[in-house]
Amino acid sequence: MTTLNTGRKGEKMLLMGNEAIARGALEAGVNVVTGYPGTPSSEIIDRLSKADRERNLYVEWSVNEKVATEVAAAGSFAGLRSMAVMKMMGVNVASDFLMHLVMTGTRGGLVLVSAEDPGAISSLTEGESRYYSKFLEFPLLEPGGFQEAKDMTKWAFELSEKINNIVMLRTVTRISHGSGNVVLGELPETSPRAHFEFNGTILDEQTGPILTVPGPFAVNLHARQQNKLQAAANLFEDCPFNTYEGPENPELLIITSSVCHLYCIEAVELVDAPDRVGILKLGTTWPLPAKFLKKHMQRTERILIIEEVLPFLEENIQVLACQLGAEFAAKKFHGKGDGTMDKVGELNPTLVAGALSRVLDLAMETVSVDYSENINKQAVDNAPDRMLTFCPGCPHRASFWSIKRVLELNNQQGFVCGDIGCYGMGMLPCGFETVKTVHSMGSGTGLASGFGKLGQFGMDQKVLSVCGDSTFFHTVMPALANAIHHRADITLVVLDNSGTAMTGFQPHPGLTIKASGTELPALDIPSICRAMGAKVQVVNPFDVENAEKVLLKTIEDPDGVKVVVMRQICALSPEKKSKKQFEIQVDENVCIGEECGCNRLCTRVFKCPGLVWDGEKKTSKIDAVLCVGCGVCHSICPSGAIQRKEIA
Amino acid sequence: MKQTTLSMDPYNLIITGVGGQGNVLASRLIGNMLSEQGYYITIGESFGAAQRGGAVESHIRVSAQRTYSPQIPKGKAHMVVALEPTEAIRILRDYGNPGVKVLSNMRPVYSMGVICGEQSYPSTEKIKECITASSKASWFVNSTDEALKLGNPIFGNIILIGALAGTNALPLDHKSFEKALLQRMKPDKIDVNLKAFDIGKEMTSA
Ligand code: SF4
Ligand code: SF4
């Protein structure tokens, strides 16, 4: 059996993009790997954490992306090849440290992997991090396929060591979560010794202390940093990841990068124009290799730039064209600027082919109108939409149920500020639309801290925030300190389900396991909150009656910050699987459905997928396959029709 | 380079279902079976929130020539394998065409709206009629029922892979399946999976 950490040089594997990146890092001899979970990046660390012993790695799920980058940078400062992995929003969190890091530079190769999500398939925004490379002045690499994802990752470490600065490798969902054929390279033997050298002069990058210092020295460092960027640009002039394919003098030159390269090849096929269109693929998208681009832009008068979301490449290429002289500036550019392409959403071969057919006035073969009209109608009628919902037996459903009820009982237009995680679905019907604001990690509590001070201006609504256990450590703690210190009148509900559920149960400081599965000391959330000065209660959301009692009392306490930890393990957690607490049954004689006056509270409002409305019998019933026996629906049925029996 | 034995190159296969049904495993196994034979394989997948009741689709591109993109162009599927029957219809809306073939498991997974009585779920006859009218060939199988006989609904996937092999749409056989299993499963799990594959193959072999 060939695995990522044993596969030998020359072996072929079908690898997920994230696995290819992990393998590339192993082939580079990486030693320190850190990250914070986030789709579509998480598999990189998941895979590497399984290789830690065999390949002599230190792998950690850090508390947040800024700390992850700092931990990786420490590896680099001590001479080790190191990598920090995150999704694009994480780069925002890391950016404060990054701005300093790029000035001091690095020692052992340091690579930042940013996995982005054009189209926001599993993210709350499609914001991107390519602009950081220009703004913070470090090199940006973008693999255009699966083999390249591996090869480029390895190369990124070498590049980082050549210029002594951090390099960003940007991947996107379709590469990270896609799979393709990859030929493996050599796995090196590494036996590094970590040591932080600081006895040299402050200007000696390899032996001095690593400092950012104010004044003229900062300006000096900045100049040195820009020289490094120029060195990278020079290396990019003949980099194997920048390629051209097409006729000598195409009518139209496409310039593209990342997974869009594959879409472009296919689009040219779809409009059948291989003699008219050439494709220039850039693997190095910042800084741009000016001579290389000049050589290829000379081929034609018309250029189409294909990239996802914002016109990063397009605008940089247009600036370059102006710098190259009037002849280049006068070329006709198509892309986002002239409206050929949208500035939002992800691309696919069909969208690129559509652009080609418009620009070149070519016909595009499409499915007949009859066929598409018919199937469209059939889909509307016969394929019911699938709205996201909490899993059967999810503790969040029970928690939001209680929060919602308590806010109604309190009757003061109270509301909940949330953020990112499964519990963000508290904004949907499955969470009874309880959550009214959702932004970045930890921001629910920051917002609550603000709302909680508006009493001065007559605001008399109850303010709650919710966060998950992993998010608590990520960014909620500073917001909580702020709220406590300023005596904001709020209640923070920590929905503690023992893991980072949304992304696949990565550990965090509140748990006793680290990335590779060995024991670590856990930090106790209630104790932390108490020590910070909050009043703390811990409840089990499945004990609905008690949870509601405690919540109501808590939110009605007008004095400062209250914390309620609602603790119940995630229904999907590996520990919980196949352990039913209750046998549940609906007594058909008691459940009289629509007649009951309960307005079908259980199936119409509570909506656990384990509880089904039987349209024929006109009663609720339990789906024995889906129900995980949490017993919560028993507590919500006002007629007592849902019966539960404890399983020993 | 491999001499092509594909009816189409690239051959565009979509596996569709609902989060938790095991799309990812199915697409990986098929991908491994074909890449072993020297084909270029690209699998396009998007998962994440899908785990929580949403639709999941995997695009598999098979070519003897080169790596294709992880997304099939609209209207260009050659075969749709559905772990859930209404998902087949949803996929046909975006990727169907009069020449497409469909292999579908008939066991429904109800959406939230159906479960709580706000939406209705089409009858089996209606689903079959709709798929038949929008495809060139179709196979309807009860892979979940057969899987339950083997002791676990999750074998439904494997039965469908077998059924796909039985349609002869792609060069998939018992031997290559065994090889793919050996790459990712413990030896004691192999036999029951092979059995599931063979049951599926029987279902569609002419
Ligand atoms: S994965 Fe866990 S936390 Fe997320 S919806 Fe399912 S049960 Fe709830
Ligand atoms: S006991 Fe009720 S609420 Fe809990 S999983 Fe079963 S049906 Fe859902």
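**A helix pair, a ligand and some cysteines**

In this predicted model, helix H1 (residues 17-27) of chain A and helix H6 (residues 146-163) of chain A have axes that come within 7 Å and cross at roughly 35°. Helices here are DSSP runs (H or I, at least four residues), numbered from the N terminus, and axes are lines fitted to C-alpha atoms over the stretch in contact, with angles running from 0 to 180 degrees between N-to-C directions. The crossing of H1(A) with H6(A) is right-handed, that is, the near helix is turned clockwise from the far one by less than a right angle.

Residues are numbered from 1 along each chain as written, while chains are lettered from A and ligands numbered from 1 in written order. Local features need pLDDT of at least 70, side-chain atom pairs count only at pLDDT 80 or more, totals for chains, interfaces and linings use all residues, and side-chain values use heavy atoms, without hydrogens and water.

Among the residues of H1(A) that meet H6(A) (heavy atoms within 4.5 Å) are A:Ala20, A:Ile21 and A:Gly24; their partners include A:Phe146, A:Thr153 and A:Phe157. After H1(A) comes A:Gly29, with a positive phi near 75°.

Now to ligand 2: 13 residues surround it (a heavy atom within 4 Å), and A:Cys608, A:Cys627, A:Cys630, A:Gly631 and A:Cys633 are the closest. A:Cys630 counts as buried at 14% relative accessibility.

Key: Helices (H or I, at least four residues) and strands (E, at least two) are DSSP runs, numbered from the N terminus. Buried means under 20% relative accessible area, exposed over 50%, partly exposed in between (1.4 Å probe, protein chains only).
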